[in-house]
Amino acid sequence: MSMRSDFVLSEVRYAPVWSYDDEKSWPGTQCKNGGKRQSPIDIRTTDVINDFSKQFIKYGPLVFSGYHSVLVSGINNGHTVQFSTEGDVAIHPTLTGGPLEHMYRLEQVHFHWLSEHSINGIKYPMEIHFVHVRSDLAVVDALKNKDGLAVVSVFCNVQAELDEYQQESTKEVMEHIPKLLEPGKRISGIILDMRKLLSVNSESYYTYAGSLTSPDCNEVVIWIIFDTPIYLSDAQYRLFSKVGVGRHNFRGLQKVNSHEVYRPAHATITTPQIVKVLDDMVQLVAQFFRNVTKFMTKGIKTR
Ligand SMILES: [Zn+2]
């Protein structure tokens with residue numbers, strides 16, 4: 001049993017104050033003027049530091065607790081589809097270890113298409129963000145603290161058809177997307193097994209000190225980016241093109257300043273070979289959806 005059947009559909013007020021089409025007008029001085037550790041960035045694997053001396057990854061293996069059964073509500077907030085943890089914080093999943101000195105609680109999970117981070121200039125079709133807040137801080141204080149948030153990032157690849165294992169990992173969450181296509185749509189009382197959305201290899205990741213990738217771009221995030229992607233089918237990915245949040249929902253790549261990206265020593269890292277970064281990303285997204293559409297209609301008689 002992973003989902004209650006008595007979830008409630010309801011509408012919420014929706015008033016967007018910023019848009020992915022116009023990053024220059026984003027509120028927040030750090031969004032406008034940049035800073036020292038803005039995100040997302042292109043991760044050059046040749047520059048990544050193997051953290052043999054535990055400079056950054058000081059706290060052992062990552063430990064995800066309580067991810068097998070997470071009570072959430074789903075919402076289309078006009079920028080993405082988001083699943084936020086519900087109920088008492090005591091039952092929210094927690095994350096410790098790796099580069100994290102403190103314990104963090106899962107606050108919400110949301111999607112970006114295309115991915116925000118890229119690896120050696122290559123983007124994935126999607127990136128899922130698991131946003132955690134330091135458990136000893138209120139959200140408002142976490143947003144002012146250099147390690148107030150920990151965001152775990154999982155890339156998604158798209159494949160024509162999925163094998164049973166791949167299907168199983170995204171089936172549950174994908175069932176809810178059709179109910180969240182319009183901004184303001186909301187569903188409560190869902191229970192998700194979030195372990196399925198996490199990467200299979202939780203010891204192989206990139207990590208760095210960065211920022212939020214949406215206003216106010218606060219430089220408060222410890223990023224943990226798994227290099228092993230999970231999979232969506234073409235049909236599932238196409239569904240996101242119907243989510244009414246504008247043409248795309250990723251922030252442009254930020255200049256690499258003093259960012260230092262680490263990975264656990266001995267981790268074997270894979271590199272993606274899917275979508276090349278082009279100058280005009282919007283063009284790329286449009287093209288990608290056209291190709292997917294073409295593929296989907298190939299079997300059916302057209303024209
Ligand atoms: Zn995000």
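Mentor: Let's begin with a strand pair: E14 and strand E15 (residues 221-226) run antiparallel and are joined by six bridges. Two strands pair if DSSP finds at least two bridges between them. Strands are DSSP runs of E with at least two residues, helices are runs of H or I with at least four, and both are numbered from the N terminus.

Trainee: In E15, which residue is the bridge partner of Thr207?
Mentor: That's Ile224.

Trainee: Why is strand E14 largely enclosed by the rest of the structure?
Mentor: Buried means under 20% relative accessible area, with exposed over 50% and partly exposed in between (1.4 Å probe, protein chains only). In E14 (residues 205-210), five of the six residues are buried, so the rest of the structure largely encloses this strand.

Trainee: How far can I trust this, and how do the numbers work?
Mentor: It's a predicted model, so local features need pLDDT of at least 70 and side-chain atom pairs count only at 80 or more, while totals for chains, interfaces and linings use all residues. Residues are numbered from 1 along each chain as its sequence is written, and side-chain values use heavy atoms, leaving out hydrogens and water.

Trainee: Which residues coordinate the zinc ion?
Mentor: Donors are N, O and S atoms within 2.8 Å of the metal (3.2 Å for Na, K and Ca); water is not among the atoms, so sites may look incomplete. Here His110 (NE2), His112 (NE2) and His129 (ND1) coordinate the zinc ion at 2.0 to 2.1 Å. Their spacing along the chain is H-x1-H-x16-H.

Trainee: Is His112 buried or exposed?
Mentor: Buried, at 3% relative accessibility; His110 is buried too, at 10%.
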